[in-house]
Amino acid sequence: MPKLQDLQAHEVVQGIKEGLFTAEEYVSSVINRIEDVESKVRSFITLDSERALTSAKLIDRKFKEKEDIGQLGGVTVGIKDNISTKDIRTTCASKILEDYFPSYDATVIRHLKDNGAIILGKLNLDEFGMGSTTEYSRYHPTHNPWNLDYVPGGSSGGCGAAVATGECTVSLGSDTGGSIRCPASFCSVVGLKPTYGRISRYGLISYANSLEQIGPICRSVKDIVMILNIISGKDIHDNTSMSSSPITINNKIDKFNIAIIKELIDGSDLEVRKTVYSASEKFKEIGCICNEISIKNLHYALPSYYTLASAEASSNLARYDNIRYGFDLPIAEYKWDTYFSNVRKNFGEEVKRRILIGSYVLSSGYYSKYYLKARRLRSLLKLELLKLFKKYDLLIGPTMPILPFKFGEKIDDPIKMYLVDINTVLANLAGIPAITLPIGFSNGLPIGLQIMAAPFEEQKLIDVSNALENTINIQRRPSLI
Amino acid sequence: MISKDQLGYLAQISKIKLSEDEAKKFPEQLDKTIEYIDILEELVSGDSFVLDLQEIKFDELRDDVIRMSGGQRINKNLTKDGFLRGPKMK
Amino acid sequence: MSLVMIGLEIHAQITELKSKLFCSCRGNYRDLVPNTNICETCCGLPGTLPIINKKAIEYSTMTSIALGCKVPDKIMFYRKNYFYPDLPKNFQITQYNVYGFSSIGVDGSFELDDSKKIRISRIQLEEDPGRIAYVEGGMNVSNSALIDYNRAGVALIEIVTEPDFTNPKEVRLFLNKLSLTLEHLGICDTLMEGSVRCDVNVSMKGGNKVEIKNINSFKEVEKAINYEITRQTSLYNRNIKIESETRHWDDRKKITFKARSKEEEHDYRYFPEPDIPVIVLGDNFVSNLKDHMPELPNQRFDRFVLKYNLSEHTSNILINDKKLADFFESTLKVYFSPVEIANFLITDFKSMIEDDSDNTDYLRNIKVKPEHIAELVKMIEGNKISRITAKDILVKIFESGILPSEAVNNTNSFKIADEKTLMDAVESVFKTEKSAVEDAKRNHEAINFLLGKVMKFTNGRADPKIAMRLINNKLNKPDA
């Protein structure tokens, strides 16, 4: 029997329901794991072990009294720190929200709690979700559990690392341009960005609202499904949310017609390419067809993404003026606009850059040159993909074009950093679901395979991922643990 | 090329005070980003960005009902009359 | 100097809406403790999303229809980005007319009178910001701003006209008619404090446009325009160029002063609001609304004239006061005598009410009810009391809410039709008003004086027709 803290979510619930262990025992084991590794990995911004243990005891009491402990009873969840949790400090890894305690729970948090999940703490990210390594966190960076000198990916880096090390059972991250898939790939865990609108964004602190979705990062496809079904659903608090059907784990698989995106493969490092090709052979083994295709407008995707994301960010982050909430800065002596500017100088550099670019591309004179063209590209790309999905069930490619890299390698050149997202932004621009699966290592560093499907076709993604997971056997535990 | 004035203007409309260091290195960094997104110029322009817009039907919208959630939403800086104290206007 | 061109930009709150535009907080924020009518959403707390109010779309569409505008099949919202302490998100969600998507109404027109129409450029739906109050004397002196978000998020309808007005009186007429329309549609009570704001732009002789903001009631608009015309004329006469600028109206000093020049104007960086999808109104939306929306003032006017046979003059007075028109029709339900009731209401009733003019919600709070008026008019028509008596009784009802028949009984005010009693009164008057009697024999019009005396003698109860006959008879008698 594996260690308690390495159990998957479905195993935890089953274990508690069968009386194999108590929720308190389980949660204590997770907390022990945190104590062992956190000083090295640094996944958390806020850890609330007291509350977690109290919740665990409550679950045990319920179980004793033969009450329903919920579909996620006893499961510990790490929450990316840009998702609002009532009365638990929510910082977005920024100094601007250093003292911010939300007065409400995000809808996804409510769903988790209603099903017995235990909120363990808030996980590290790049400030406001802008970045791919957690190096832009204003608190501290998170370290890749597979090699502590390397970045864990981002912006949900804390989620990737915490799940990989067993510091929580499952986690919830958010993905605007790859922020779930990048860290999941770099940390060798499973991450899903759902179809846009599948998950309520109420409570997700906006970075780019037309692009982002909350999604699960877990140790297995089965756990992804468990979490996804619980957090999905149309929400009256989010006019962009839509209803969807629950996903099931099937143990058979249709003969899917799969296309490998040529541009994504060609733009990747050799090691990555090799691993992805061998994974595609596995698809053939399980009865799928695999062909290479080209996407016409792909080279405009990343510039389009950065234009739109920065534009939306510049507006979404305008509210941070420290008047209604924030951090301690007395108002005396400042005129209001100077106060605002002085408050906002506390954003990190990357956030500042994106806000400035966002203001630039929206300003009169540049709006049609950048913003409108980016919107147009987005429409064209989506149409092209939807056409492809009439012919193919799934599109695949490497999640990341490169292996995880060392801290400091890309931080001096913003463009170098942006290029890291080149494979992932496509799914956000088109609003389609995308999953990343761990498929191998190179020099001890993880490689992930990205699979995309048409809107609301998560079932196909899960079917093929589940089959692949069962076929591919890779090392699951970093030596750290 | 982003000039110092242009950068100043952007910082002004975004209400962000830049440090000396940032004022020095941002023009070049922002330039690189703008150069990168300039590729969008190759695209044909047209008003039809509307192709992919999400829609919602009128009937699905919220009814006009009052629902007060209760409890203070602002905790800092309130005067005894309940006003929020903000910085001076002039 | 002539060729004045005036355009208006009006913001009217949808005061009839129960909740705010994008959240479920109360729409009427007046008289509440500051910062108690708020929620996470209207405060702009991180992670919150706007959830649009269906009824607001209906009301703004009705406004578009009433102003003759085209209503699109689909509508979209935009963000107007600027920083200000009363703006919780530092952007306002509004509408914008670009790229094939129009706001809730465009290209309409509104009839000012028989000869002139004002073109309506656009109508849009948007949210109100919060309010800033100042300590110690005002914006220029105060050490801090006091912010109240109770109003933040309340629904506004913005109406923009083309610069078709050529003088302030036209503007005043337009605003009166617009208020009436909004009231009749049950959208905005324009008398409620802060429910309407009006910005004006004025240009003369084809010169630069000057915008005047901060006019906080329709009453002040005419004054502000007059001042501005005078100011611009004076500059013109001294050969000084009129700058294109934004000025503020100071309603204490009654002047406009420069606020900021158009060059410094904000770049609002409009872009489509990502949190609100395109709203599909549907094919039957407008026609359904047209069928079910309340009557417009001119429709009601036509109905009063045609159906109730009221004169245009009477109908006009009723229509110009919606509450009175409603009162009138409620009274008709009790006793159907339109002409008589209308006349009574627009004379005796209205003048009495107007004395109580500081009570703007007068028709809701007074003790006189449609039932009272119905009964009074019934008694007048049944010849039980005179018109004059009715007026006195009305005062009593106004004070105490007493039923008319009771009041008449108590004061013994029934009309005197009995000839014997009336003859006694006439005799008495003839004795005391000997010179008037002489006058009356020669000058027929002086009879009215005698009639008046008889009425007074009988405390207004004499039946005037009978009394007149008796007076005439007596005058014509040789021994008078």
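This is a predicted model: local features need pLDDT of at least 70, side-chain atom pairs count only at pLDDT 80 or more; totals for chains, interfaces and linings use all residues.
Residues are numbered from 1 along each chain as its sequence is written, and chains are lettered from A and ligands numbered from 1 in the order in which they are written.

I looked up which residues meet, and found Leu324(C), Phe327(C), Phe328(C), Thr331(C) and Leu332(C) of helix 7 of chain C against Pro338(C), Ile341(C), Ala342(C), Leu345(C) and Lys350(C) of helix 8 of chain C. Helices here are DSSP runs of H or I with at least four residues, numbered from the N terminus. By class this contact has 8 nonpolar, 1 polar and 1 charged residues (nonpolar are Ala, Val, Leu, Ile, Met, Phe, Trp, Tyr, Cys and Pro, charged are Asp, Glu, Lys and Arg, and polar are the others, Gly among them). Helix 7 (residues 322–334) of chain C packs on helix 8 of chain C at about 135 degrees, with the axes 10 Å apart (axes are lines fitted to C-alpha atoms over the stretch in contact, and angles run from 0 to 180 degrees between N-to-C directions).

Entry on helix 6 and helix 8. Helix 6 (residues 312–319) of chain C and helix 8 (residues 338–354) of chain C pack at about 60 degrees, their axes 10 Å apart. I listed Thr314(C), Ile317(C) and Leu318(C) of helix 6 of chain C, with Ala342(C), Asn343(C) and Ile346(C) of helix 8 of chain C, as making the contact; these residues divide into 4 nonpolar, 2 polar and no charged.

Notes: Helices (H or I, at least four residues) and strands (E, at least two) are DSSP runs, numbered from the N terminus. Two residues are in contact if their C-beta atoms, placed from the backbone, lie within 7 Å.
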